[in-house]
Amino acid sequence: MKVKEADKELYKIDKKIDKLVRKIELLRYINPINLEEQKRLFFESKFQRDPEFKYPEADFDKFKIHRKFFGQRLEEISDERIRSLYEDIVYYYSGVVRCIETIGEGKNFYYNSLHVFGTPTEQDVENAKFILHFEEEDSHSEKFIPKYDTAAARDVFATFGKNYDFDFNIEDSETMSAIAMVLNSKQSLVLNSNHKYSENELAILTNHEIGVHMVTTMNGVSHDLKIFSHGFPNNVETQEGLAVFSEYMSGNLTVRRLKELAYRVIAVDSLAKGYTFSRTFRLLTNVYDLDKERAFYITARVHRGGGFTKDYLYLTGLVKIVDMYRKKDDFSPLLSGKVTLEYLDHIQYLMELGYAKPSIHITDSFAANKNTNPTIDFILNNLK
């Protein structure tokens, strides 16, 4: 392709950055390796003793990787607009490296997390509180009862994956605070082997993890430019917004699930207020009447590392994607890889120049709205 020949330096730099980014997948390092042990001790202390989490060691030279990021000869990218995009990429991933190198260092990690992911605004917190006013579904309903072990869940995910024309690996892990997640660099779905899944969780997670996260992973690797695979700056909000929206469109989003996302916003906001782990936990249980099991895992997700602010982005991302849906905008460019709504013009620009291609795989739930719950519609229509 002529465009590629005209700008070999772009591909050379993109490839070098890809090699660096493959080493720094934050979720590989942020999950405590002693989560269940610390949960037991926390409960035994009557919720007074803050957990002392331990984390996997980073297997790369952090100073060297910083130097390599900033050693890229970006000035050799001839297109000014694309060069500016890659400058943003270098700064973004340098921030991710700073997060990894300070995991477990309290405020040091929190401030680095704040730099990369931000923190909820007053409006975000108001949205969360609005959601928490609604009565959630009966937890004793058949679809909410935990009854599927990891082996059964693996079969459900594998069957669901046949809806798409790609293959992926399914792995188990005992050291993760999430109940399932996609590891982009390994093209793998990882299931929490300590968790028993309900029917509703499996319906949510198949559409969330495979229907969006694995779809964007596989679309990402289809491009010659690796930026679509390793991720645009600040891609978490858009990717999680799309994933939760897939839960909605497939008819599986519940008030219970929306309240979980709202609790995460409240928990992240507590970090800005200087709350300790135990105080955030008590906020969720005493003020917002959340059961202790769910409160622990939400608090652990947010306080791991020293204060991980990422979790509020699920709700803010959903609000932005719902706004796109109301405007009947085309979602397919946002499925082209680990991309960001704020860079939508850049995505289209790269496609126009031949540096990228339209999405091969499209989230099947986006074809038709299967939600039948008027309460869910009312909530989504009133988030600001």
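**Cavity, pocket and helix packing in the predicted model**

The largest cavity has a volume of about 30 Å³, and in this predicted model the structure holds one cavity of 30 Å³ or more. Its lining is formed by Val319, Val322, Asp323, Arg326, Leu380 and Leu383, and the largest share of that lining, four residues, is contributed by helix H16 (residues 313-326). When the lining residues of the largest cavity are sorted by class, four are nonpolar and two are charged, with no polar residue present.

The second largest pocket, for its part, has a volume of about 340 Å³. This pocket is lined by 18 residues, and those that lie nearest its centre are Pro51, Gly106, Phe277, His303 and Gly306. By class, the lining of the second largest pocket comprises seven nonpolar, seven polar and four charged residues.

Phe277, one of the residues nearest the centre of the second largest pocket, is also one of the buried residues of helix H14 (residues 277-287), where Ser278, Thr280, Phe281, Leu283, Leu284 and Thr285 are buried as well. The cover over the buried residues of H14 includes helix H4 (35-44), helix H13 (255-272) and helix H15 (292-303). After H14 comes Asp289, which has a positive phi, near 60°. Both Phe277 and Phe281 belong to an aromatic cluster, whose other members are Phe42, Phe43, Phe47, Phe53, Phe296 and Tyr297.

Helix H13, named above among the elements covering the buried residues of H14, contains Asp269. This residue has a relative accessibility of 14% and therefore counts as buried; once its neighbours within four places in sequence are left aside, Asp269 is in contact with Pro120 and Val125.

A further set of buried residues is found in helix H17 (residues 344-352), namely Leu344, His346, Ile347, Tyr349 and Leu350. These buried residues of H17 pack against helix H6 (80-101) and helix H11 (227-230). Just after H17, a positive phi of about 90° is taken by Gly354.

Aromatic pairing was examined across the model, and the count comes to 33 aromatic pairs. Tyr11 and Tyr355 are both buried. A second tilted pair is formed by Phe130 and Phe378, with 6.5 Å from centre to centre and 40° between the planes. Here, too, distant parts of the chain are linked, with Phe130 in helix H8 (residues 122-132) and Phe378 in helix H18, 248 residues apart. Whereas Tyr11 and Tyr355 are buried, Phe130 has a relative accessible area of 24% and is therefore partly exposed, and Phe378, at 43% relative accessibility, likewise counts as partly exposed.

A polar atom of the Asn207 side chain lies 2.8 Å from the backbone oxygen of Ala203. When residues up to four places away in sequence are not counted, Asn207 touches Phe160, Val212, Ser246, Ser250, Asn252, Asp364 and Ser365.

Phe160, one of the residues touched by Asn207, falls within the range of helix H9 (residues 150-161), the helix in which Ala158 is found. Ala158 is ten residues apart from Phe168 in sequence, and the two residues are 8.8 Å apart in space, C-alpha to C-alpha.

Key. Residues are numbered from 1 along each chain as its sequence is written. This is a predicted model: local features need pLDDT of at least 70, side-chain atom pairs count only at pLDDT 80 or more; totals for chains, interfaces and linings use all residues. Side-chain values use heavy atoms; hydrogens and water are left out. On a 1 Å grid over the protein atoms alone, a cavity is a set of points where a 1.4 Å probe fits but cannot get out, and a pocket is an open set with protein on both sides within 12 Å along at least five of seven lines; lining residues have an atom within 4 Å of a point. Grid points are joined across faces, edges and corners, and a volume is the space filled by probe spheres set on the points. Ala, Val, Leu, Ile, Met, Phe, Trp, Tyr, Cys and Pro count as nonpolar, Asp, Glu, Lys and Arg as charged, and the others, Gly among them, as polar. Helices (H or I, at least four residues) and strands (E, at least two) are DSSP runs, numbered from the N terminus. A polar contact is a pair of N or O atoms within 3.5 Å; within protein, one must be able to donate a hydrogen and the other to accept it, and residues adjacent in sequence count only if both atoms are side-chain atoms. Contact means heavy atoms within 4.5 Å. Buried means under 20% relative accessible area, exposed over 50%, partly exposed in between (1.4 Å probe, protein chains only). Rings of Phe, Tyr and Trp (its six-membered ring) pair if their centres lie within 6.5 Å; planes under 30 degrees apart count as stacked, over 60 as edge-to-face and the rest as tilted.
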